[in-house]
Amino acid sequence: MGLETARLRLDALQPADAPALFRYRSDPEVARYQGWQPGTLADADRFIGKQSATPVPGTWFQRAIRLHDGELIGDLGFCLSGDGLAEFGITVAPEHQGKGFAREAAQALLGELFGRLDVHRVHASVDPRNTPSMALMRSLGLRQEAHFRESLHHRGEWVDDAVFAVLAREWREIAAKSAAMPASR
Ligand SMILES: CC(C)(COP(=O)(O)OP(=O)(O)OC[C@H]1O[C@@H](n2cnc3c(N)ncnc32)[C@H](O)[C@@H]1OP(=O)(O)O)[C@@H](O)C(=O)NCCC(=O)NCCS
C-alpha cells in the first residue's frame, strides 16, 4: 500500500527510519496514550523488521507518514478483522503536529480502507484525556459511539476508552461533501 496526498506519502517503514521512529515514539508525550513505546533503538529496529509486506487480518499493519522529500514525520497503522471491520491509529512527531498532517494522512487511509480494501466499518479507540486525538476523530467526521468507563488496564491504571467509528456509506458522504467544499485548509 503506497498512497500520496497533497503533502504526504504513506509507504513502508524502512530500516533507515529506525532512529527517527525511535526519537518521536519514545517521547513520553507521544507515548502517553499508546500501546507501544520503544525503550531502545533496537526495539524500533525490530518493530520495523517485523512488518509484513501486505496487511494480514488480525495483525497491525504499520505505514510511514513522510513528507514528499522522504522525511519520516509519523506513522499510522490499521488492523483488519478479515470480515469487513478495521481499527486504525496514528502518530505524528511533535515538531510536525498541529499542521493538519494527521488529518490528511488519516483521510487517505480511510479512503483506501473503504475503497480498495472494501472495508464496511472503521473504528478507533481513544483515551478521552487525549485531547488532540479526540479532536482528530471529530475533525475526520467519525462518530463517537461509546465512552467505556475504566475498561482498559494501561500502564498500571484503569483507563476510559472512547470509541469512534464510521461506516463506508457515511465515509462516501463525508468525502463527497468535502470535495464539494472550497479548499479552506
Ligand atoms: C493525535 C495526533 C496524531 C494529531 O496529529 P496532528 O497532526 O497534530 O493533527 P492535525 O494537525 O491533523 O489536527 C487534526 C484536528 O485535531 C485538532 N487538534 C490537533 N491537536 C489539538 C490539540 N492539542 N488540542 C485541540 N485540538 C487539536 C486540530 O485543530 C484539527 O481539527 P480541525 O481539522 O477541526 O482544525 C498527534 O497529536 C499525536 O501523534 N499524538 C500522540 C500519539 C497519539 O496519542 N495518537 C493517537 C492514537 S489513536
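**Entry 1: the sheet.** I began with the open sheet of eight strands, which has mixed pairing and the order β1-β2-β3-β4-β5-β6-β8-β7. β1 (3–4) and β7 (143–154) sit at the edges with a single partner strand each, so one side of each has no neighbour in the sheet. Strands here are DSSP E runs of at least two residues, helices are H or I runs of at least four, and both are numbered from the N terminus; two strands pair if DSSP finds at least two bridges between them.

**Entry 2: ground rules.** I noted that this is a predicted model, where local features need pLDDT of at least 70, side-chain atom pairs count only at pLDDT 80 or more, and totals for chains, interfaces and linings use all residues. Residues are numbered from 1 along each chain as its sequence is written, and side-chain values use heavy atoms, leaving out hydrogens and water.

Entry 3: I looked up β5 (residues 85–92) and β6 (residues 121–126), which run parallel and are joined by three bridges. Ala 86 stands opposite Val 122 in β6.

**Entry 4: salt bridges.** I found 14 salt bridges in the structure, each a side-chain nitrogen of Lys or Arg within 4 Å of a carboxyl oxygen of Asp or Glu. One of them joins Arg 66 and Asp 17 (2.7 Å, N to O). Arg 66 is in strand β3 (residues 60–67) and Asp 17 in the loop between β2 and α1 (18–25), so the pair ties together parts 49 residues apart in sequence. Both Arg 66 and Asp 17 are buried (under 20% relative accessible area, with exposed over 50% and partly exposed in between; 1.4 Å probe, protein chains only).
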